[in-house]
Each structure stands twice: as structure tokens, then as C-alpha cells.
There are 2 protein chains.
Amino acid sequence: MPLHAVNTETETLSMEQLRDAMRQVGEERYHHRHPFHLLMHDGKLTRGQLQAWALNRYYYQNTIPIKDAIILSRGDDADFRRAWRKRIVDHDGDSNSPDGGIKRWLKLAEATGLDPERVAGKREVLPATRFAANEYLNLVRTRPLLEAVASSLTELFSRDLITLRMDRLRLHYPWLSGGLDYFEARLTQAPEDAAFAIRYVYEHAKTRDEQEKAIQALRDKCDILWAQLDALYFAYVQPGWPPPGAFRIED
Amino acid sequence: MPLHAVNTETETLSMEQLRDAMRQVGEERYHHRHPFHLLMHDGKLTRGQLQAWALNRYYYQNTIPIKDAIILSRGDDADFRRAWRKRIVDHDGDSNSPDGGIKRWLKLAEATGLDPERVAGKREVLPATRFAANEYLNLVRTRPLLEAVASSLTELFSRDLITLRMDRLRLHYPWLSGGLDYFEARLTQAPEDAAFAIRYVYEHAKTRDEQEKAIQALRDKCDILWAQLDALYFAYVQPGWPPPGAFRIED
């Protein structure tokens, strides 16, 4: 049912309508449509451009468990916190799986030919990458918990993107194939997390206005992802120049 | 005296050396070097591109008194707060001069042909502009007060840039000449503010390490200004595409 057929004053969305509205945001704004990803999936990026992507995206990856710890700190009951805590374990690891998503991302960066310590040092990250990732922290720190949770719902879309990406990376950049553990793990983690989060948003958004604010939070999150690829495209694809102090591609 | 001739372990910089170090940062990183400004000053920007600049820069202008209010809230004595309060008056106005910098910037935006209410609504601002301006709030909120004050020292460089800009805007875009009150006022405000801030940094940075952190805060501020022009160039000059929901130039 198209959104515009719903009276936004009075009617709250059903679970199905809410999911449809979230998916509509993804269709319009999720970064699967970004030209940098289109070039990546067409095999049109150079090794240096993939290095710039891996190095900058590392900053974002490194921010995710901090973002989730902020949400954890705002959690209103133990069941919520227990469920959300899983996300931090997924990224930081535990005794069973000491790796975790951040270490896996470093393996991907290493597969592009970068020294993982150089990447982990974060000194050559684009300022625009830092500003966008830090805005995600601002969002979950300052908005209502409902909106902080809703901003995670890009995970409704990530499985399809990751499935396509793993296929295309193996096809076009076989030398990267050893570094795809991060994506492998996200294939199962992301849908689990998204199922919990959309259920939480549906159950805790009491009014249509709160539902619309949750949908807006997802739009804002999409902007945070999109802006990171704009910055990469501008600095490393063309015409573009990295700002003073940022990573430079070696010819 | 060039910085590298100073023993960064032991020697604190003199007032002159500190100012030289700050000016060196400006030479390397201040946005007077940014290609978007070079195009502007060569008369190579279209009216639509100047509209995009005025509309996005408004978001930043609107953030400045908020930034200064955060610094005011962290001020450690009444003399400091009294001096710093002037900045908020400069931007927000008072009974003597109800205009203030924000209203003056709206006059500039209006001179580009935009409805000032549309600009003040901030709905079409580039996400990257918001993220960069919000990062300025993060900086002054979370870093030591010394570094928050030091981050304002781009005003050491702004007078030269504004003098050049007013000259070039009148020359290349005479239809903008009625909207330059903002820059006119900044010609005297910025140097006053910079003189106070560099004196404060010199007097309150007790060690070379604190001086270096103050210099780094100025670098970080330059990154915040630079990233805003990168985003404008990418979205509105070329090749570029504004992200979903952002201002679009009408042909």
C-alpha cells in the first residue's frame, strides 16, 4: 500500500506498512545506488581506489560498536540490552570468536595491499568520512532511543548488497577473495539485527508521528552512508583531490 | 623561525612563533586555497552555484553562535565570558544592531536570487555540510577549552580572504553587491576576535604539548571548512550530483 494513501494524521502504520515505508527509503537513499558502488561492482575501480575505500570505511567500522555502546547505555531494560549487546560482540569479538568485524575489516584492507597498522592508525582518513561517522554518534546520542534504534535499519537492505558485492569482488578483483570474511559474517548477523530492530520500532512507536520520525532517522542514516561514498568518489575517482593530509593513491 | 628548528620536546613557542605556526597551518589548509573559492574569485561560478554556496554556508553560519554559546558555557571566568559573548552578539544581533551576521548572510542569499525563508528552512542543505558544521560543535564540546578557543583562529586568515572576496564579487557578480553587509562587518569583527583568541591560547597553553594541541585544533577547524567546499564542488560544479533531497540548481 503506497504511503500517500495513508492518512498521516490519524492512522498508524501496520508492521507491513512500516516495513514497506522503510524499504521505500532504502530504494531511494541506500548507498547500493551510489556511483562509487556501481563502479566497484562493475570491476571499474583500481586497487588504489579500493584501498581508499577500505581505509576510509575502516573508520566507520570502528565507530559502529561505539555507536552500539551508546545505544546500550540508553537501553531501557535488560532484555533490550542483552539483545543489543550482541552487536558489540559481533564487531569486537569475544573468547569464542576473538576476531570480530573490526579485525575482519582489517583483513579486507590488508587484502587490498595496505598495511593493517596503517589503516588502524586512522591518520589518512578523509575528514568527510570522520564527520559522517561522528554524525552517526551524534544521532544515537541525542535523538530518542526509538530513532537511534531505527537508524540501524539500513541492515534491512545490507544482505542484498553484500551478496552482490561478494559475487562481484570475487569476479572482478580475485586478489581480494581472501579478505571477504567480514561480509561472510554480516550475511547472517545483519538480518538477525534488522529483525529485532524493526520489531522494536513497531512495538515502541505509539503514534504515526513517532513512526514518521523513525522513518526519518533511517533517511538520515542513509545520508551518513551516502556522504562517505561522495567523499571517496570526489577524492579518489575524478576529478577530485584528497584534502591536505588524507591518503593519496600511489601510482 | 621555522618550526622544525624548535625542539618540540622542551621549548615552548614564543607569541611570535605561535602566531607563525598558526599562519603556517593557514597557508597549508585554510580554504582560501580551495578550488571552489578560486573559481568564485575568477568569476567562473554560475548564479546557481553561488546559490548552492550561500544556501549551504547558511547552515554553517547558523551554527557559529551555537558553537560560541558552548564555548561560553565552558568559560572559566567572567572576563573570558564577557569577551566571548561579543561573538554571539555579532551573529545574533542586539537592540542596537538587530541584524547580526545570520540575518546579513540571509541578505547575501537573497541577493543570489534565493527566497531567504527557503534558505533559513535548511531543508536542502547538503548532508556533508551539516556533518562538517556539527563536527565543529563536537570539537568545542569535547576538547579542552584551550583547543576549542584555538579552533576559532581561522579568523587570523579571514580578513585577507574577505577583502579579496568582496573585491572579486563586486567585479564578477555585480548583482551580488547589495548583499555584502555580512563581509563588511566581518572585516573588523574577525581581527578583534582573533587577537583575543591567540592571546588567550598563548597565555593558557603552559607546555609545548598544549601549544601543539592548539595548533592541531586549528588544523582540524581548517578541515571542517575545506570539507564543506569539497561537498559543494562535488555536488554543484562537476562532475558531481547532489545527494537525494539536497538543493538542485535550476537551469
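Biologist: Which residues meet D223(B) or R130(A) in a salt bridge?

Modeller: A salt bridge is read from the gap between a side-chain nitrogen of Lys or Arg and a carboxyl oxygen of Asp or Glu, with a cut-off of 4 Å. In this predicted model, the side chains of R130(A) and D223(B) form such a pair, with 3.8 Å from N to O.

Biologist: How many salt bridges does the rule find across the interface of chain A and chain B, and how many residue pairs are in polar contact?

Modeller: The rule finds 2 salt bridges across the interface of chain A and chain B. Polar contacts between the two chains number 3 residue pairs, where both residues have pLDDT 80 or more.

Biologist: Which elements of chain A give two or more residues to the side that touches chain B?

Modeller: Those elements of chain A are helix 1 (15–29), helix 7 (127–142) and helix 11 (208–236). Sorted by class, this side of chain A holds 13 nonpolar, 5 polar and 6 charged residues.

Biologist: How much area do chain A and chain B bury between them?

Modeller: Chain A and chain B bury about 2100 Å² between them, and 68% of that lies on carbon and sulfur atoms. The contact draws 24 residues from chain A and 24 residues from chain B. Of the interface residues of chain A, 100% are also interface residues in chain B, so the copies meet through the same surface.

Biologist: What ipTM and pTM does the predictor give the complex?

Modeller: The predictor gives the complex an ipTM of 0.86 and a pTM of 0.90. For chain A the mean pLDDT is 92, and 94% of its residues reach 70 or more.

Biologist: Where does P116(B) lie?

Modeller: P116(B) belongs to helix 6 (residues 116–121) of chain B. Apart from neighbours within four places in sequence, P116(B) is in contact with L106(B) and E110(B).

Definitions and conventions. Residues numbered from 1 in each chain as written. Chains lettered and ligands numbered in written order. Heavy atoms only, no water. Contact = heavy atoms within 4.5 Å. Buried area = accessible area lost by both parts, 1.4 Å probe. Polar contact = N/O pair within 3.5 Å; in protein donor to acceptor, adjacent residues only side chain to side chain. Helix = DSSP H or I, 4+ residues; strand = E, 2+ residues; numbered from the N terminus. Nonpolar A, V, L, I, M, F, W, Y, C, P; charged D, E, K, R; others polar. pLDDT = per-residue confidence, 0-100.
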